[in-house]
Amino acid sequence: MENEIEIKIMLLPENIPMVYQWLNQQNILCHEVEELANCYYDTPDLYFAKAKMGLRVRSKNNQHEITLKTKGEIMGGLHIRPEYNLALENNFPDLKRLVSHYNLQFSDIERLQQGLKATFSTDFQREKWVVAFNQSEIEIALDRGLIKNSQGEEQICELEFELKQGNLADILALLQQMPRKNGMWFSSLSKAQRGYLVGYPEKIAKEIDKLTACSAENHTEIEKYQFAQQLADFIRLTGEDKLLSNYQQVTGEEILSVDYFISQDYLEKSIQALAVLG
């Protein structure tokens with residue numbers, strides 16, 4: 001088991017050349033490009049989605065690995081999640097073997113294994129750089145591809161900063177140096193969460209109902225930040241006025257347009273807030 005510590009930034013494709021230029025100025029230890037095919041599995045009653053977990057089989061160069069991502073903690077664009085990985089001989093989602101290997105506690109593993117069905121895929125090209133920065137080694141990955149399920153598809157274009165060795169503070173410091181433009185923003189939604197939502201307006205509506213039913217009155221500053229980031233994600237998805245109103249109540253900001261949530265100003269405020277709270 002290992003903790004994955006990463007910061008996720010979504011971006012529009014037109015911002016990629018600027019990111020390349022900045023990355024080429026870093027102290028690059030290694031650079032590679034890989035094609036990743038990922039299939040996510042769940043049961044008919046969505047056991048893993050309800051438990052805020054993700055079960056994935058990743059295939060790369062005819063090698064296969066099963067991963068169980070657990071709930072962990074998400075604070076805006078910062079994702080800290082325990083995950084369990086195990087190499088496989090083929091692309092069969094051998095959950096029983098993973099559970100046995102790590103001695104994980106599942107009450108009905110036989111039922112879960114038999115009920116697993118392919119739910120969606122995330123296939124993308126990952127270009128990654130490992131850079132030395134201060135006392136840390138940080139992997140920066142540019143992912144481009146598609147999320148697909150039976151109801152539709154959605155583009156993947158995102159930048160991930162993952163701490164491989166060192167201190168979280170160094171990722172935040174590196175982020176402060178990254179150039180920013182409109183069309184770049186933090187997201188609390190993982191690829192797996194997006195995979196469950198693509199093409200399912202009724203699922204999006206349920207998530208919105210949950211958010212609008214929440215009150216941030218007694219939340220800590222960190223909880224308010226997390227809540228505001230969740231609201232922002234669904235504002236970008238739907239443009240719902242009631243979500244915009246909730247966001248303004250939580251943050252005290254006056255927002256004139258939903259375009260604010262993909263603006264340079266929004267990203268800079270998010271980075272500053274994360275640096276203070278992190």
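The count comes to 26 salt bridges here, a salt bridge being a side-chain nitrogen of Lys or Arg within 4 Å of a carboxyl oxygen of Asp or Glu. Keep in mind that this is a predicted model, where local features need pLDDT of at least 70 and side-chain atom pairs count only at pLDDT 80 or more, while totals for chains, interfaces and linings use all residues. Residues are numbered from 1 along each chain as its sequence is written, and side-chain values use heavy atoms, with hydrogens and water left out. Helices (H or I, at least four residues) and strands (E, at least two) are DSSP runs, numbered from the N terminus. Buried means under 20% relative accessible area, exposed means over 50%, and partly exposed is in between (1.4 Å probe, protein chains only).

**Salt bridges**

- Glu-32 and Lys-128 join their side chains in a salt bridge, at 3.9 Å from N to O. Glu-32 sits in strand E2 (residues 28-42) and Lys-128 in strand E7 (residues 117-133), so this pair ties together parts that are 96 residues apart in sequence.
- Glu-32 is partly exposed, with a relative accessible area of 36%, whereas Lys-128 counts as buried at 15%.
- Another salt bridge runs between Lys-164 and Glu-162, whose closest N and O atoms are 3.7 Å apart. Lys-164 is partly exposed at 46% relative accessibility, and Glu-162 is buried at 13%.
- Asp-265 and Lys-269 also meet in a salt bridge (3.7 Å, N to O). Both belong to helix H10 (residues 264-277), where they are four residues apart, or about one turn of the helix.
- Asp-265 comes out as partly exposed at 37% relative accessibility, and Lys-269 is partly exposed too, at 38%.
- Then there's a network: salt bridges with shared partners join Glu-6, Lys-8, Arg-126, Asp-143, Glu-154, Glu-158, Glu-160, Lys-191 and Arg-194.

- Helix H1 (residues 16-23) has Ile-16, Met-18, Val-19, Trp-22 and Leu-23 buried. These residues cover an arc of only 160° around the axis, which puts them on the same side of H1; the arc is that of the directions from the helix axis to the C-beta atoms.

**Aromatic pairs**

- Searching the whole structure turns up twelve aromatic pairs. Rings of Phe, Tyr and Trp (its six-membered ring) pair if their centres lie within 6.5 Å, and planes under 30 degrees apart count as stacked, over 60 as edge-to-face and the rest as tilted.
- Tyr-84 and Tyr-102 have ring centres 5.1 Å apart and planes at 70°, so they make an edge-to-face pair. Tyr-84 is in strand E6 (residues 78-88) and Tyr-102 in helix H3 (residues 95-102), so to speak a link between distant parts of the chain, 18 residues apart.
- Tyr-84 is buried at 15% relative accessibility, while Tyr-102 is partly exposed at 25%.
- Tyr-247 and Phe-261 are edge-to-face as well, with centres 4.8 Å apart and planes at 90°. Tyr-247 lies in helix H9 (residues 241-251) and Phe-261 in the loop between H9 and H10, so the pair ties together parts 14 residues apart in sequence.
- Both Tyr-247 and Phe-261 are buried, and ring pairs link Tyr-247, Tyr-260, Phe-261 and Tyr-266 into a cluster.

**Charges over rings**

- Lys-191 has its charged end over the ring of Phe-124, 4.9 Å from the centre. The rule asks for NZ of Lys or CZ of Arg within 6 Å of the ring centre and within 35 degrees of the ring normal.
- Lys-203 likewise has its charged end over the ring of Tyr-200, 4.1 Å from the centre.
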